[in-house]
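Please keep the structure in view while reading.

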Amino acid sequence: MTMPDKKSLGWFLAILLAASLMRFFYLFDFASLPVFGQVTGPDVSEYFAEAQKIRAGQWLSGEVAIHAPLYPYVLALILSAAGGDLFWTRLIHVLLFGLLTLAPVYFTLWKRTRGLTGTLRFLPAAAALLLGLYPPLIICQCDFFSENLMLVLLLFSLSCFFLHYKYADGFAGIFCGLALLAHPGCIFFLPLAVLYAGWRLYRARQPDARKKAVLRALAFLLGTMVVVAPVCVRNSLLAKRPVLIQDNSMFNLVLGNSPESTGTCRIPPGSRWDETFETANRRAAEQGISVDSYFRRQFFSYLFTWPGHYAKMLLKKAAMALSCREFTTWSDVTALQLIFWHRWLYQNWFLLLLLLGGPALLIGFFRKSVRRLFGPELLLFTAVWAGQIFLLTAGRYRLPLVVPLAVFGAFFLCRIRDFLGKTRRVAIFLALMVALFLAGSYPHAIPRQPEMDYARSLLASAYIMAGNPKAAVEIYELPAAGECFPDRRLTVLGQAWYALGDLKKSAEIYRETIRRFPKQPQGYLNYASVLSDTGQFAEAAKWLEAGRALHPKGAVLADLEYNAGHIAQRTRRMEKAEKHYLAALAVLPSHRKALNNLGAVYIGMRKPEKALPLFEKAVCLEPDNLGLQVNLALSLAMSGREREAAVLVSEILRRDPKCVPARRLKQALDQR
């Protein structure tokens, strides 16, 4: 394989430096918001929780996840490299994905244009520069979105797919399979890549060439299946029904294809989400089918009952995927526009790439020379755009579209005369630009207030987690807060007053939450916490049991079990406390409080050998928590490992000489 010369490498390093500096500027601007140091909101918090599970030792989940499984493993690796610190995690995340996005784009274009003496020789640098400095990409790469990984893996798959060396197509298939495991929104890449291989077969006139094309297509499919098939088989065995990459796939399909669809993620997590699934579960049980089958029937019923509406929805989503507006997915705080980047460098920037590269890209479909040169970019654009049309669109779902648009934008800048040299070409280019401008700037009837109000709730939650609950209360004192998500508003306000120490007001809000949203277990959990803190343990246990009766899953169930264990521990029923803590850890192995409290229970039972691994996991999850480190040192000392305990205590006292528990433990160790 030919290696780039020093000049080409120098250009790439210079562009990478500029892109990294832009990411630093965003990082420090973003750091002014409390959400920077916290992980709040759907999707991102769920990916983060899964990554913490992996760091805590649970490499495989015991149930089928509602998200594709690969990204949490990558996030867990980055978290481990950063020592669990969120600033360093975000820094490594944004720089790593920036590098892995720019490198395949630059070097594959360099390979295709090397040896050229015209302006096209500047294409790799121009495309990488447009892509590296594109603000919405930088913003997305700083957050914990699986689409960042999907984009990188698609680029590596394309790089291998268009290389001409042994086993390249097999590696392309492997990267394609990994991209599907990162985010199944790129599902159309697989069939379109195979169709492209078939088209190459059709063009080949020699028998040997056709045979080679068939073998390459089969190698690509085999590579994909080798990666994806084991996950699909395992998911199907766990669920006892056919499940592909993730659960809820049929619901996601209905979310974007139904009479109520808007083209985007119209239902946020919360009361509406719970009501939708409660109805689906009830009707599926009545029909004796799975929930996935129920949603599948809904989709086909819509397709055959409302074919005209379905066709219009497909056209709408085709235009929305090219909209200059970045549609949110209920995890974004960019809608609040609180910092410079979110206010001025996020919305409407897609239109710049669209107008710069869109006309050249569309023209490229009809020019043989352009198709030959930019086959990877045309394939990527078509596959991702198809996903937006047939599934649903959102700003980060369409992230891979920016790569072909940046490449064709650079191509236009390098070869302007090819597009604007003659009157006919100018007319075609301008007509396409006008059409794309109309599609990109069309004001789709998607209300802004819900996404702003949901983002406001994320900000308020982050303030509470950051130790500033008063700011959370002030957010909801503003008239603009609205009542789009009253369940989230009540939950956040209850947590804020609880953190401020006004347990009476917090209890009133939680009782109101239970009254208005009796099927949400979070309200029962929160109210029980207040009762427990006021010494009403028996009453608190009743409300916890009522919350468990709603059959919650995930973190809420783990918190319910943890709180029940905490009540049992405070009332000196250690065996029952142990049972509840183990139940919490069975659901969420990274539950730091359950790890610590169960370790404390074992210390009280004089079982330090059981406490030791629990404290080790807890310290791994929160390496800066000195209290956890003291508990770990105590369990080491009780296990007969006094030397290791003394070293750890010395390190704790170096960091905090006034740490009383560490000083007492040091004194006890010195007396031995």
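Predicted model: local features only at pLDDT ≥ 70, side-chain atom pairs only at ≥ 80, totals over all residues.

Because Arg-325 lies in the loop between H14 and H15 while Glu-451 belongs to helix H22 (residues 448-465), the pair ties together parts that are 126 residues apart in sequence. Arg-325 counts as buried at 13% relative accessibility, and Glu-451 counts as buried at 7%. Elsewhere, salt bridges that share partners join Asp-43, Glu-147 and Arg-396 into one network.

A search of the whole structure finds 21 salt bridges. One of them joins the side chains of Arg-216 and Asp-169, at 2.4 Å from N to O; this pair links helix H10 (residues 207-239), which holds Arg-216, with helix H8, which holds Asp-169, across 47 residues. Arg-216 and Asp-169 are both buried. Glu-278 and Lys-519 form another salt bridge, with their closest N and O atoms 2.5 Å apart, and since Glu-278 lies in helix H12 and Lys-519 in the loop between helix H25 (503-516) and helix H26 (521-533), parts 241 residues apart in sequence are tied together. Here Glu-278 is partly exposed, with a relative accessible area of 30%, whereas Lys-519 is exposed, at 51%.

## Nonpolar cores and a surface patch

The largest nonpolar core has 99 residues, and Phe-161 and Phe-374 are those with the most contacts inside it. Among the residues that Phe-161 touches are Asp-169 and Arg-216, together with Ala-172, Tyr-196, Phe-220 and Leu-379. A second, separate core of 60 residues includes Phe-295, Phe-299, Trp-330 and Leu-345.

Phe-171 is found in helix H8 (residues 168-182) and is partly exposed, with a relative accessible area of 42%.

The 15 residues of helix H13 (residues 291-305) should span 21 Å at 1.5 Å a residue, which agrees with the 21 Å between its end C-alpha atoms. The buried residues of H13 include Phe-295, Phe-299 and Tyr-302, and what covers the buried residues of this helix includes H11, H12 and H14.

Most residues other than glycine have a negative phi. Trp-330, however, has a positive phi near 70°; Trp-330 sits in the loop between H14 and H15 and counts as buried at 11% relative accessibility. Asn-348 likewise has a positive phi, near 75°, in the loop between H15 and helix H16 (349-364), but counts as partly exposed at 47% relative accessibility.

Notes:
Residues numbered from 1 in each chain as written. Heavy atoms only, no water. Helix = DSSP H or I, 4+ residues; strand = E, 2+ residues; numbered from the N terminus. Buried < 20%, exposed > 50% of the residue type's maximum accessible area, 1.4 Å probe, protein only. Core = buried A, V, L, I, M, F, W, Y, C linked by side-chain atoms within 4.5 Å. Contact = heavy atoms within 4.5 Å. Expected span 1.5 Å × (residues − 1). Salt bridge = Lys/Arg side-chain N within 4 Å of Asp/Glu carboxyl O. Lists of a residue's contacts leave out its neighbours within four places in sequence.
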